[in-house]
Amino acid sequence: GAVARRLTRPVVELVEVTQDIGAGNLDRRMRTPVHPFHDFGVVARAVNSMADRIETQLADQRELLAAVSHELRTPLGHLRVLVDTARERPGDPRPLDSLEAEIVEMDRLVDQLLATSRLDFGQIEERDLSGAVLAVRALERLGIDASLLDVEIEDSAARGDPTLLLAAISNLVRNAE
């Protein structure tokens with residue numbers, strides 16, 4: 001029995017480690033057997049190398065997504081300022097209304113991208129938040145006058161990820177329109 005356990009231990013570990021890596025536990029690694037050139041030593045190094053590459057790729061994807069989202073937010077902010085400045089001049093406001101609608105849609109897509117990536121990568125950040133402040137931000141993002149908001153409760157505290165909650169409130173308001 002002891003010999004059989006000793007011989008099957010690497011196989012059992014291989015199954016457990018690959019299942020953990022498949023479930024997202026990317027810091028899990030195989031212990032290399034005493035004889036590194038033993039068949040399971042080769043397999044252990046290959047599994048560990050694979051896990052290292054997957055972990056690196058996911059970190060690179062998170063970094064790229066954050067950079068792209070930030071880079072998209074900057075021109076969107078500039079466009080909003082330009083639209084506001086152009087509205088101060090006399091003329092037909094319809095082209096500006098169309099431009100503003102496109103900006104709001106692009107902003108929504110960036111929010112959706114960020115929210116999806118946070119869920120996909122397990123990057124949920126819980127903080128204490130004000131429900132009223134989140135509602136005002138959601139209305140502003142949708143181009144709706146925030147003064148229309150009527151908060152009827154004093155304590156509108158919430159705990160959660162601000163990006164995800166803002167996306168959820170924005171979706172609720174958008175669906176209610």
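**Entry 1: charged pairs**

Which residues are linked in a network of salt bridges? I found Arg29, Asp52 and Glu55 joined in this way. A reminder to myself before going further: this is a predicted model.

I then looked up the total, and the structure holds six salt bridges. Arginine 31 pairs with glutamate 13, with the closest N and O atoms 3.8 Å apart. This pair links distant parts of the chain, since arginine 31 sits in the loop between α1 and α2 while glutamate 13 belongs to helix α1, 18 residues apart.

Next I looked at aspartate 20, which forms a salt bridge with arginine 28; here the closest N and O atoms are 2.2 Å apart. Aspartate 20 is partly exposed, with a relative accessible area of 24%, and arginine 28 also counts as partly exposed at 24%.

Glutamate 126 and arginine 159 make another salt bridge, at 3.5 Å between the closest N and O atoms. This pair also links distant parts of the chain: glutamate 126 is in the loop between α3 and β1 (127-130), and arginine 159 is in strand β2, 33 residues apart. Glutamate 126 is exposed, with a relative accessible area of 51%.

**Entry 2: helix α2**

At 1.5 Å a residue, the 49 residues of α2 should span 72 Å, and the end C-alpha atoms are 72 Å apart, so the two agree.

Which residues of α2 are buried? I listed Gly41, Ala44, Val47, Asn48, Ala51, Leu65, Ser69, Leu76 and Val83. Their cover includes α1 (2-22) and α3 (94-120).

Asparagine 48 is a polar name on that list, so I checked its number: it is buried, with a relative accessible area of 13%. Leaving aside neighbours within four places in sequence, asparagine 48 is in contact with Arg29 and Met30.

Aspartate 39 also lies in α2, but it counts as exposed because its relative accessibility is 62%. Its C-alpha atom is separated by 9.9 Å from that of proline 10, 29 residues apart along the chain.

On the surface, Leu64, Val68 and Leu72 form a nonpolar patch with about 240 Å² of accessible area together. I noted the spacing with a rule in mind: an α-helix has 3.6 residues a turn, so residues three or four places apart point the same way. Leucine 64 counts as exposed, at 56% relative accessibility.

**Entry 3: nonpolar cores**

The largest nonpolar core has seven residues: Val17, Ile21, Leu26, Met30, Ala44, Val47 and Ala51. Two or more of them come from each of α1 and α2, and α2 gives the largest share, three residues. A second, separate core of five residues includes Leu76, Val83, Val110 and Leu114.

I followed up methionine 30. Not counting residues up to four places away in sequence, methionine 30 touches Pro10, Glu13, Leu14, Val17, Ala44, Val47 and Asn48.

**Entry 4: aspartate 161**

Is aspartate 161 buried or exposed? Aspartate 161 counts as buried, because its relative accessibility is 4%. I placed it in the loop between β2 (157-160) and α5 (162-176). Beyond residues up to four places away in sequence, aspartate 161 touches Arg118, Gln123, Ile124, Glu125, Glu126 and Leu129.

Methods. Residues numbered from 1 in each chain as written. Predicted model: local features only at pLDDT ≥ 70, side-chain atom pairs only at ≥ 80, totals over all residues. Heavy atoms only, no water. Patch = residues over 30% accessible without salt bridge, like charges linked within 9 Å, V, L, I, M, F, W, Y side chains within 5 Å. Areas by Shrake-Rupley, 256 points an atom, 1.4 Å probe, with all protein chains shown as cover. Salt bridge = Lys/Arg side-chain N within 4 Å of Asp/Glu carboxyl O. Buried < 20%, exposed > 50% of the residue type's maximum accessible area, 1.4 Å probe, protein only. Helix = DSSP H or I, 4+ residues; strand = E, 2+ residues; numbered from the N terminus. Contact = heavy atoms within 4.5 Å. Expected span 1.5 Å × (residues − 1). Core = buried A, V, L, I, M, F, W, Y, C linked by side-chain atoms within 4.5 Å.
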